[in-house]
Amino acid sequence: QNDESNARHARTLGAIDFVAKPAEPAQLKALLQQALEITSAENGADTSGLLGNSPPMQKLREQLMQFADAPFPVLIEGESGSGKERVASRLHQLSPRAAKPYLALNCAAISPTLVEPTLFGYAKGAFTGATSSRAGYFEEAENGTLFLDEIGELPLELQAKLLRVLENGEYQRVGETQPRFSNARVVTATNRDLRAEIKAGRFRTDLYHRLSVFSIAVPPLREMGEDKLTLLNHFRDFYAREARSQPFSLDARAQQMWADYHFPGNVRELRNIAIRLTTKYPGMAVNAQQLEDELDTDQAYPQEIPLANDGKALIELARKQLQTLANFNLDVTLRQWEKSYVEAALNMTHGNLSQAAKLLGINRTTLYSRMQTYGTE
């Protein structure tokens with residue numbers, strides 16, 4: 001739907017661009033072509049390195065060097081868009097298995113019914129459509145690395161089978177009884193808190209301990225300081241070369257906005273902002289208003305809100321917003337904060353108005369009035 005907040009949030013989640021309804025076929029075709037060219041250019045480039053010199057990035061590189069030679073599983077944890085797959089690929093490249101296969105499977109991007117035959121392979125006639133036997137990822141990644149992204153999405157019934165492979169390398173193709181063995185190193189990643197998933201009964205404790213022999217935490221972009229600018233310069237120059245255009249620049253106020261922005265979508269969001277700015281402002285100096293149009297400012301500071309009794313921290317947060325948001329409006333900001341607290345309280349209490357009002361420190365009628373104001377269900 002043609003709503004600017006929808007567009008900004010979609011881009012934060014990883015969309016290269018946003019197409020409002022009704023979409024013109026010519027516009028859609030041009031955007032798709034551009035996206036394909038971007039993917040092709042990135043696949044052809046050497047993107048194996050991890051950019052940045054902030055303390056979190058230095059620690060990450062040290063961990064990769066420390067764990068690369070070991071054959072044991074590695075669990076990579078980090079927020080969506082932070083670069084977990086890049087870290088897994090780098091771990092493989094640094095390992096003695098670098099010349100062997102590296103296969104990656106996103107457990108959230110495949111139907112649960114297809115995960116088992118994809119991982120373990122299947123025999124001819126094992127199910128409808130299995131017209132021939134086929135090897136699975138464990139077999140094809142023999143002596144190499146198998147990267148399982150979004151491991152928290154793996155169905156419980158398959159978690160036991162994965163545990164078995166991790167313990168002794170043994171597995172079976174779907175429709176076969178003959179055991180097979182794999183020596184692939186398993187690297188997994190998740191943006192979920194697997195300990196919370198264990199408590200909720202959605203993830204096996206024994207599997208978690210097997211997967212997390214080594215653990216790597218990928219830092220969110222907001223903690224990487226000046227690396228934000230390093231990454232911007234890298235992507236800006238790369239996409240300007242691909243587009244055969246001059247790179248854009250940021251004016252002083254836009255640079256400050258960039259430094260203070262929260263980047264809820266992490267490096268993926270930063271990359272896509274660089275793509276859009278390269279397309280819209282080739283060779284130009286981007287000002288704060290133009291930059292803000294590409295940022296999800298509604299989500300910019302959700303994890304930076306300090307405690308209410310920390311007056312200095314609150315003033316610093318206000319300063320950042322006044323400096324970086326070109327069209328700041330105090331009434332709109334206060335309404336957004338109030339709405340967020342109301343919705344959070346209702347979510348925590350499963351819609352119980354009395355309990356939600358108690359959490360918020362207001363009476364029930366006041367809460368109901370605020371809900372009507374914001375159209376909260």
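Student: What does I216 touch, leaving out residues up to four places away in sequence?
Tutor: I216 touches L60, Q63, L64, F67, V74, L75, I76, E77 and V87, where contact means heavy atoms within 4.5 Å. This is a predicted model: local features need pLDDT of at least 70, side-chain atom pairs count only at pLDDT 80 or more, and totals for chains, interfaces and linings use all residues. Residues are numbered from 1 along each chain as its sequence is written, and side-chain values use heavy atoms, with hydrogens and water left out.
Student: How many residues are in the largest nonpolar core?
Tutor: It has 42, and I76, I216, W258 and L291 have the most contacts inside it. A nonpolar core here is a set of buried (under 20% relative accessible area, 1.4 Å probe, protein chains only) Ala, Val, Leu, Ile, Met, Phe, Trp, Tyr and Cys residues joined through side-chain atoms within 4.5 Å.
Student: Why is the pair F120 and F138 called stacked?
Tutor: Their ring centres are 5.6 Å apart and the planes sit at 5°, so the pair counts as stacked.
Student: Is F138 buried or exposed?
Tutor: F138 is buried, at 0% relative accessible area, and F120 is buried too, at 2%.
Student: And which residues form an aromatic cluster with F67?
Tutor: F72 and F214.

Notes: Phe/Tyr/Trp six-rings, centres within 6.5 Å; stacked < 30°, edge-to-face > 60°. Buried < 20%, exposed > 50% of the residue type's maximum accessible area, 1.4 Å probe, protein only.
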